[in-house]
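Biologist: I would like to learn how to read a structure like this one. Could we go through a few features in turn?

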Amino acid sequence: MKRISRAIAVVATAVAVTAGLAVIPVTSASAAAPAVNCSGDARIEKSFDNGTDWQMCWRVDSKHGLVLEQVAVKAPGEDSFRRVLDSVSLGQLNVPYDTGKNVWNDITSYGFGNQYLQKLSAAECSTGTLRDYGQAWSVTRRGVTTNYLRTIPSLCITDTTRDLSYRSHEQTWGSIEDKPLFTATGQAFNLTIVSKVDWYEYATKVEFTDEGAISFNLGATGDISYEDFDADATTGWPVGTDAANYAASHWHNAFWRLDFGLDGQSVQQVEQYDSTLGEQGEMAPLMHTTGATIAHPANLVPAADTTWWRVVAPESRNADNHARSYEFVFPGSQLYQGNPITQPLISVTNYADCEQFASNNLNPACPNLSVLDYVANSADTSLTDPVAWVNSGFHHVVRDEDQSPMQTHWQSFSIMPRDWTAQSMSTPDARTCINGDTGGEIHSDETPCEAVVPTDPEPTDPPATTEPPAPTDPADPGTEEPVDGGADAPTLKLSTTELAPGESFGLEGAGFAEHESVEIVLHSDPITVGELTADGSGAISGTLKVPAAAPEGSHTVVVTGAQSGLTAKVAVTVAPAAGPAGTGAGLLASTGTALPIAAATVALLLLAVGGLLMVRRRRRSAISPI
Amino acid sequence: MQSPPRKTRTRRLPYAILGGGVVAAAAIVGGFLAIPAVSGASGAESSATEELDEVTSKPDLGAPRDPLSPDELSYAIHLASTDESVPDDVTSVDGSDAPQVLSVDIANGDVDATGRLVDVFLFDYTSNQTFLQRVDLAGGSVESTAKAGVQPPPTPDEVDYAFSLFLDDAVASAAVRAEYAAVTGDELESIDQLAVTGGAFVPDAGTLGADACGLDRCVEMQFRVSGGGYLDTTGFVVDLSAKSVIGIK
């Protein structure tokens, strides 16, 4: 599990906690919180450590297989759930063979539920929990119908984690000094059923992350049908000794039916974005990304590999006044060109009760229709209640390794929130102040988080281009970089940066106003160390004593000119008088008011401060010195 | 609205008469559901197969999107089958006087609907029509839509019947019988000797010989020899409406 400790002064703790609770502002008015009208084991609820919650209902339809309904997410700090999907399930699994001899439609001709739904063993849900679902069938003989039911463990709910959910190291670029590190192991859970249709066994898996994303995965395993060793060198692949038999290549064209219900809004739109190269810029051509609303039901084909789409609820705004949306993410989907139905990547239609399957529709009110028919029959209507038929295709060219059993191969895509929240759902407390152009530096080791404009005593026009910061010299940690890089900024140098309470140290500085009084303060909890007076050239020099009350840990010595307001600073560590402390618990000492952390160039020598100072905050977000 | 149960559909026959079909269907289902041993498998148990009581009055109802209880399932089938939308001359796959029950699911409609809505698919072999009966268990009402030429997946019951038709057709089944005999050394005489799956067969432009399946209810089947491979079943489908085996190409 992740460490997550951050040492802060006890006094500061309450402030930090308060700030944490206030992280995500209450958002604008939206539809009422959606109900979840299922109960008991039919309901799935999940709370992640970062404060993100999911809820939904699940069931296994005789044809669609796994159906998730009323899928809603609650972002950290929000009061209630917001609907993402009214429902999602498979809408077809079309399997044409490259030999031209077979085409299967596994959802509409067989189905993923009832007798095709597999009982899962505890071993194949080894880290998850199983839930039961029923298989029902009826037998009619001589006018009498008898109905049967049995329940089998068939849904596996598994928790997963992913390292490097995010990472931000507040190290000065080019420096090798360790600084506070923000990183986290993300959490997710997935729901999986397995359906066996003849030789193939299909895993339907939907995963939900603590950052609001949902991935849709179809895994195919089982065995190669022996009937399908009827291919040649171009329609198959030699499997088995030499080239005696070619196993037929084939497609798994999985259609997912996503019925969007973003935030319960009555108006949702689909937008397509394309990026084009424009005029030559200073260093590279400009690239312009522009969006267009898909006004009517349509079959969507990517114009380029930079094309992307989202479903947006224009009236649902996040705290930044941006419309909430979910964006499609395709890691690579193969589109079978042998059938018009599988040529689009996405077909978008308005919700219609009878439109349940991407082809061979089984509802008598829309008999045998396909997505192409749905689009054609409603092409004049406005698209406001979108159902996305996503074609997640995979061309399976069989390998030797596909036997036996066949290694599970996955075909996937996902949807991820775009502007659902004003910041990432996994934003750690100390980064909650970062929203938009901060105009300055990130002060995450301050409590609470602050974004601070760098001190700039003599405002000048900002440079036209951003220069990378000059590498600091680790051999000379006592020399401070100018705060704003300006030539006139004061400088400061200490005789040592490893201080001890009661010990004396030398201090030299320059660049202050003539004869002004300069105050020396130890931060973060400000402790005045002393005062010096600048000479006629603005230089200061003297010997000062570290206050006995200075707590152990990392601090900053800040000198401030009383008249000019000019400041300079040097990061120091305060160790016990007996000498440098051991590695201890690796805690950061409190630092006080906002100071540009980027200016601190001294390694954070970590001192044992003790468990009392450890504040366990979000369990999974970590700030830890490295 | 709910109509009184029809005598012909609720009549209980002697148990012995029912037995054959039930056992055969159960064998099919059992074959489908056989779970191979998994290393370390333990703890996950299925329930025993339950024969549902006939339920003709409203049972306790679950939440709108909950799985159907046994009583709800049985009641939904009762309402769907006895609704006035079902033709008087309805027949099931064996030609007897009852609709063929294909599937029962929570309704695939508005997920926020507050009723206890169930989709029951029925097939009428007389009119060759598929019925989608959206049943409101709370109110006892049925909203019915029907269409010929729509073919949901066949049930084990129908696959069982299709197999019988196939095996009884000495000419059509000759090749499969011969293959079975060559593989096993035994005569193929019963569905119990094979694991049988069946899918809805919908003809496409590339299939020759199965035009009738545009409207008739046709099944294509896969036969797996116990512990071994599959028999070649690619050359035929069974037309359950016409009670015949059709050669296809």
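This is a predicted model: local features need pLDDT of at least 70, side-chain atom pairs count only at pLDDT 80 or more; totals for chains, interfaces and linings use all residues.

Modeller: Take strand 26 of chain A, which is joined to strand 32 (residues 567-574) of chain A by two bridges, the two strands running parallel.

Biologist: Which residue of strand 32 of chain A does A:Leu499 stand opposite?

Modeller: In general, strands of a sheet pair through backbone hydrogen bonds, either parallel or antiparallel. Here, A:Leu499 faces A:Val574 in strand 32 of chain A.

Biologist: In what order do the five strands of this open sheet lie?

Modeller: The order in chain A is 26-32-31-28-29, and the pairing is mixed. Strand 26 (498-499) and strand 29 (527-533) of chain A are the edge strands, as each pairs on one side only.

Biologist: Now the interface. How many residues of chain A are in contact with chain B, and what area is buried between the two chains?

Modeller: The size of an interface is often given as the accessible area lost when the parts come together. Chain A and chain B bury about 6,300 Å² between them, with 54% of it on carbon and sulfur atoms. In terms of contacts, 67 residues of chain A meet 86 residues of chain B. On the chain A side, A:Arg141, A:Leu149 and A:Pro364 lose the most area to chain B, together 11% of what that side buries.

Biologist: How many salt bridges and polar contacts does the rule find across the interface of chain A and chain B?

Modeller: There are five salt bridges across the interface of chain A and chain B. One of them links A:Arg141 with B:Asp160, whose closest N and O atoms are 3.5 Å apart. The rule also finds 29 residue pairs in polar contact across this interface.

Biologist: Which strand of chain A gives the most to the side that touches chain B?

Modeller: Strand 8 of chain A does, with ten residues. By class, that side of chain A has 29 nonpolar, 25 polar and 13 charged residues. Strand 8 of chain A is also joined by two bridges to strand 1 (residues 50-51) of chain B, and these strands run antiparallel. A:Leu149 stands opposite B:Glu50 in strand 1 of chain B.

Key. Residues are numbered from 1 along each chain as its sequence is written. Chains are lettered from A and ligands numbered from 1 in the order in which they are written. Side-chain values use heavy atoms; hydrogens and water are left out. Contact means heavy atoms within 4.5 Å. Buried area is the accessible area (1.4 Å probe) that two parts lose on being put together, summed over both. A salt bridge is a side-chain nitrogen of Lys or Arg within 4 Å of a carboxyl oxygen of Asp or Glu. A polar contact is a pair of N or O atoms within 3.5 Å; within protein, one must be able to donate a hydrogen and the other to accept it, and residues adjacent in sequence count only if both atoms are side-chain atoms. Helices (H or I, at least four residues) and strands (E, at least two) are DSSP runs, numbered from the N terminus. Ala, Val, Leu, Ile, Met, Phe, Trp, Tyr, Cys and Pro count as nonpolar, Asp, Glu, Lys and Arg as charged, and the others, Gly among them, as polar. Two strands pair if DSSP finds at least two bridges between them.
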